[in-house]
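Here is a short briefing to read with the model open beside you. Take the topics in any order you like.

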Amino acid sequence: MSPWVLKSTGEREAFSEEKLRASLRRSGATPETIEEIVAHIMAELKDGMQTQAIYRHAFSILKKRERGTAATYSLRKAVMQLGRSGFPFEKFVAEVLKTQGYKVKTGVIIPGLCVSHEVDILAEKDNQHIFVECKFHNEVSLKSDVKVALYVHARFLDLQKGHSANEGKTPKIHNGWLVTNTKATSDAIQYSECAGLTIIAWNYPHEGNLHDLIRESGIHPLTCLTTLSQGEKRALLQNGVVSCAEVLGDGAKLRSAGVPAERIPRIKAEAAALCTAQSQLS
């Protein structure tokens, strides 16, 4: 019988060796590294262990063996580290949508029928405009509930009515999306399916969820980089740098964040390795 583990939500579940293997395979770890990590985890596994502790253990081994792959494995945590304000998350989602062929604008003010709305992302593709509301959480246990879905849908409807009232002088909003980096509650999903609102959560829907979109895009958040300190990451995020690829230039962005010149080659090497590994997986 498998030992039971404690999830971050406080729920208990049986430990799944296959889930661990699958997560490591998705990160791009080699079969040899996967077997080594699984053996380490299984040797130390006990009833009541926290899934976060298991993650930290697996990550520490992966980091020693394959640094670029380790950054991929830590993707969910890295997204949560994008910042308390949520703005870096909005910009990151916009960059991901660009790879899907969308033209994007962030922080756009659009008049509705009743009030004007500051839109997180206005995405356009095939003459269709999408209003994207980004809901950022910095704890995995927090979920976007039905009140959030109702709020986003109400804004979407007001933007649609605003287009008609302004005789087409504002963009016609064809779809409304709620994008969140954690989960959506079952009520939020039920309402959205009924109302025609699109929800993209970390693992919802089954295909085309946020995790899938990030991996397909080949873009990884800056916070994936293990060669940067927390202070350096914060400084770069404040300067508007949100992805690993953005530090691959001449080093000016790294220098402006106070990164010493002697460390820049190592940071760029990790960023390049991660981008290369991701392009091979996509």
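A contact here means heavy atoms within 4.5 Å. By that rule, and leaving aside neighbours within four places in sequence, Ser-192 is in contact with Ala-149, Leu-197 and Ile-199. Please keep in mind that this is a predicted model.

**Helices α7 and α8**

- Ser-192 has its place in helix α8, and with a relative accessible area of 2% it is buried.
- Helix α8 covers residues 186-195 and packs against helix α7, residues 146-165, at an angle of about 30 degrees, with the two axes 7 Å apart.
- That angle makes α7 roughly parallel to α8, because angles under 35 degrees count as roughly parallel.
- The crossing in which α7 passes α8 is right-handed.
- On the α7 side, the residues that meet α8 are Val-146, Ala-149, Leu-150 and His-153. Their partners in α8 are Asp-187, Ala-188, Tyr-191, Ser-192 and Ala-195.
- Sorted by class, this contact of α7 with α8 has six nonpolar, two polar and one charged residues.

**Helices α6 and α9**

- Does the length of helix α6 fit its residue count, or what span should you expect? Its twelve residues, 87-98, should span 16 Å at 1.5 Å a residue, and the end C-alpha atoms are 17 Å apart, which agrees.- The buried residues of α6 are Pro-88, Phe-89, Glu-90, Phe-92, Val-93, Ala-94, Val-96 and Leu-97.
- Helix α6 packs with helix α9 at an angle of about 60 degrees, and their axes are 9 Å apart. That makes α6 oblique to α9.
- In this pair, α6 passes α9 in a left-handed crossing.
- Phe-89, Phe-92 and Val-96 are the α6 residues that meet α9, and each of these three is also among the buried residues of α6. From α9 come Leu-210, Leu-213, Ile-214 and Ser-217.
- By class, the contact of α6 with α9 has six nonpolar, one polar and no charged residues.
- His-211 also has its place in α9, which spans residues 210-217. At 16% relative accessibility, His-211 counts as buried, since the cut-off for buried is under 20%.
- Beyond its neighbours within four places in sequence, His-211 is in contact with Arg-26, Leu-75 and Trp-202.

**Two partly exposed loop residues**

- Val-115 lies in the loop between β4 (103-111) and β5 (116-125), and at 47% relative accessibility it counts as partly exposed.
- Which residues does Val-115 contact, leaving aside its neighbours within four places in sequence? They are Ile-110 and Asp-158.
- Val-115 and Leu-159 are 44 residues apart in sequence, with 8.8 Å from C-alpha to C-alpha.
- Lys-172 has its place in the loop between α7 and β8 (173-180). With a relative accessible area of 45%, Lys-172 is partly exposed.
- Setting aside neighbours within four places in sequence, Lys-172 is in contact with His-129 and His-163.
- Lys-172 and Ile-267 are 95 residues apart in sequence and 43 Å apart in space, C-alpha to C-alpha.

**Backbone points to look at**

- As background, most residues other than glycine have a negative phi, and most peptide bonds are trans.
- Asp-126 has a phi near 55 degrees, a positive value in a residue other than glycine. Asp-126 is found in the loop between β5 and β6 (128-135).
- Asn-127 has its place in the loop between β5 and β6, and its phi, near 60 degrees, is likewise a positive value in a residue other than glycine.
- A cis peptide bond joins Tyr-204 and Pro-205, with omega about -5 degrees. Pro-205 lies in the loop between β10 (198-200) and α9.

Definitions and conventions:
Residues are numbered from 1 along each chain as its sequence is written. This is a predicted model: local features need pLDDT of at least 70, side-chain atom pairs count only at pLDDT 80 or more; totals for chains, interfaces and linings use all residues. Side-chain values use heavy atoms; hydrogens and water are left out. Axes are lines fitted to C-alpha atoms, for helices over the stretch in contact, and angles run from 0 to 180 degrees between N-to-C directions. Helices (H or I, at least four residues) and strands (E, at least two) are DSSP runs, numbered from the N terminus. Angles under 35 degrees count as roughly parallel, over 145 as roughly antiparallel, 65 to 115 as roughly perpendicular and the rest as oblique. A crossing is left-handed if the near helix is turned anticlockwise from the far one by less than a right angle, and right-handed if clockwise. Ala, Val, Leu, Ile, Met, Phe, Trp, Tyr, Cys and Pro count as nonpolar, Asp, Glu, Lys and Arg as charged, and the others, Gly among them, as polar. The expected span of a helix is 1.5 Å times one less than its number of residues. Buried means under 20% relative accessible area, exposed over 50%, partly exposed in between (1.4 Å probe, protein chains only).
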